[in-house]
Amino acid sequence: GVAQTAGDIMGAIMMQVVPVFVPDNYDPKKLDCFRRFLHYLTSQPYNLSFIMFTWVLFNAGMSVPILPVAITAQVLMGTT
């Protein structure tokens, strides 16, 4: 309940904040190594694999008996 709502709120905030700091008119070939890797990881067709990986990771995190890990996984699950 509360963790899901926190994830939804965090996702809504990030949808407003990210476009301010990350412009959409850039050339991926001119980026540094890390940003180029993130660009290609989150662009088609690899974005589906990345989303599936995070879904599996967060579901596994929710099954861990350590409460902070389970809450964090629940919040991040609501964000993605």
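Author: Buried means under 20% relative accessible area, and exposed means over 50%. Keep in mind that this is a predicted model. In helix 3, the buried residues are Asn 47, Thr 54, Phe 58 and Gly 61.

Reader: How do you know that the buried residues line one face of helix 3?
Author: Look down the axis of helix 3: its buried residues fall within an arc of 55°, so they sit along one face. In general, an α-helix has 3.6 residues a turn, so residues three or four places apart point the same way. On the face turned away from the buried side of helix 3 you'll find the exposed residues Leu 48 and Phe 53.

Reader: Why is Ile 9 called partly exposed?
Author: Ile 9, which lies in helix 1 (residues 2-21), has a relative accessible area of 47%.

Reader: What makes the span of helix 3 agree with what it should be?
Author: Helix 3 (residues 46-62) has 17 residues, and at 1.5 Å a residue they should span 24 Å. The end C-alpha atoms are 25 Å apart, which agrees.

Reader: How do you know how the protein's radius of gyration compares with that of a compact globule?
Author: For a compact globule of 80 residues you'd expect a value near 12 Å, but the protein has 15 Å. Its C-alpha trace spans about 45 × 25 × 20 Å along the principal axes. And of the 80 residues, 19% count as buried.

Note on methods. Residues numbered from 1 in each chain as written. Predicted model: local features only at pLDDT ≥ 70, side-chain atom pairs only at ≥ 80, totals over all residues. Heavy atoms only, no water. Helix = DSSP H or I, 4+ residues; strand = E, 2+ residues; numbered from the N terminus. Buried < 20%, exposed > 50% of the residue type's maximum accessible area, 1.4 Å probe, protein only. Expected span 1.5 Å × (residues − 1). Arc of directions from axis to C-beta. Rg over C-alpha atoms; globule rule 2.2 N^0.38 Å.
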